[in-house]
Amino acid sequence: MISFNPRPSDSILLVEGSNDKHVIKHLAERFDPNLEFAIKDYGGIDGVLANIRDHIDEPGRPAVGIVVDADAVQLQSWRRVCDEIASAERNISPIPPAPDPQGTIISENPGNGDPRVGIWVMPDNISLGELEGFIARMIPAGDMIWPLSRRYIDQIPLAVRPFASTLAQVAQNKILGAQVHAWLATRADPRPMGLAIGANDLDTNVPVTQTFLRWLANLFR
């Protein structure tokens, strides 16, 4: 069972926002209904970072997972997360120098009560981007509306784009996000990203999704 109301004894997954929370819940429940953990949404990466130490140091917590966006600077989110893990009172080690493409898991130390700790950097631990980059890969192959959705967003003049940015990678992330949401808006019954998974609008059998789900299962086993 996956809960949004964590108790001190629960394994917990820390995420940046509500979309992450609902996407992961729908994916995990489809993959394995017996998975048990709680998801806590902190409204952004700063909120996640500010709470990593407390959850790692919480007595009796078996596992702590952290999902953050890669955003615009290579390894910046990863390093910020690792710095917070290293600052915990519990000795979580060894912390790898870079993300594992399969999802990072640092083994627990039951003798000391140290929890298992996992890190996933959206979308795939390698690429720059965010949750929408993960979702874009689940749009069914050969979908005829996806190119049209991308073209629609691309044709919006730069001067009037609410999602415009002066930073090239941030701009690309926001463009892809707008394209994904434009595509979702064309469904027979438009839904947010998480509900679109439950409604089978998205293909959950793609490699990045299966890799993410194996990481979840290994972290919260």
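In the predicted model, Phe37 is in contact with Met1, Ile2, Ser3, Ser11, Leu13, Ile24, Ala28, Leu216 and Phe220, its neighbours within four places in sequence being left aside. Phe37 belongs to the largest nonpolar core, which has 36 residues. The residues with the most contacts inside this core are Phe37 together with Leu13, Ile24, Val67, Ile135, Phe212 and Leu216. Helix H8 gives the most to the core, with six residues. Another core, of 22 residues, lies apart from this one and includes Tyr42, Ile66, Ala88 and Val121. In soluble globular proteins, nonpolar side chains tend to be buried together.

The strands form an open sheet of six members with mixed pairing, in the order S1-S3-S2-S4-S6-S5. Strand S1 (2-3) and strand S5 (104-106) are the edge strands, each pairing on one side only. Strands of a sheet pair through backbone hydrogen bonds, in either the parallel or the antiparallel sense. Within this sheet, strand S2 (residues 12-15) pairs with strand S4 (residues 63-69) in the parallel sense over three bridges, and Leu14 stands opposite Ile66 in S4. The pairing of S4 with S6 is also parallel and extends over seven bridges; Ala63 has Arg116 in S6 as its bridge partner. On the S5 side, by contrast, S5 and S6 pair in the antiparallel sense over three bridges, with Ile105 opposite Gly118 in S6.

Strand S6 is largely enclosed by the rest of the structure, because seven of its seven residues are buried. Arg116, Gly118, Trp120 and Met122 point one way from S6, whereas Val117, Ile119 and Val121 point the other way. Burial applies to the residues of both sets. Of these, Val121 is among the residues of the 22-residue core.

Helix H3 (residues 76-86) lies across S4, S5 and strand S6 (116-122), and runs at about 165° to S6. Helix H8 (residues 207-219) lies across S2, strand S3 (37-41), S4, S5 and S6, and also runs at about 165° to S6. Phe212 and Leu216, which fall within the residue range of H8, are among the residues with the most contacts inside the 36-residue core. Leu216 is also one of the residues in contact with Phe37, and Phe37 lies in S3 (37-41).

How values were computed
Residues are numbered from 1 along each chain as its sequence is written. This is a predicted model: local features need pLDDT of at least 70, side-chain atom pairs count only at pLDDT 80 or more; totals for chains, interfaces and linings use all residues. Side-chain values use heavy atoms; hydrogens and water are left out. Two strands pair if DSSP finds at least two bridges between them. Helices (H or I, at least four residues) and strands (E, at least two) are DSSP runs, numbered from the N terminus. Contact means heavy atoms within 4.5 Å. Axes are lines fitted to C-alpha atoms, for helices over the stretch in contact, and angles run from 0 to 180 degrees between N-to-C directions. A nonpolar core is a set of buried Ala, Val, Leu, Ile, Met, Phe, Trp, Tyr and Cys residues joined through side-chain atoms within 4.5 Å. Buried means under 20% relative accessible area, exposed over 50%, partly exposed in between (1.4 Å probe, protein chains only).
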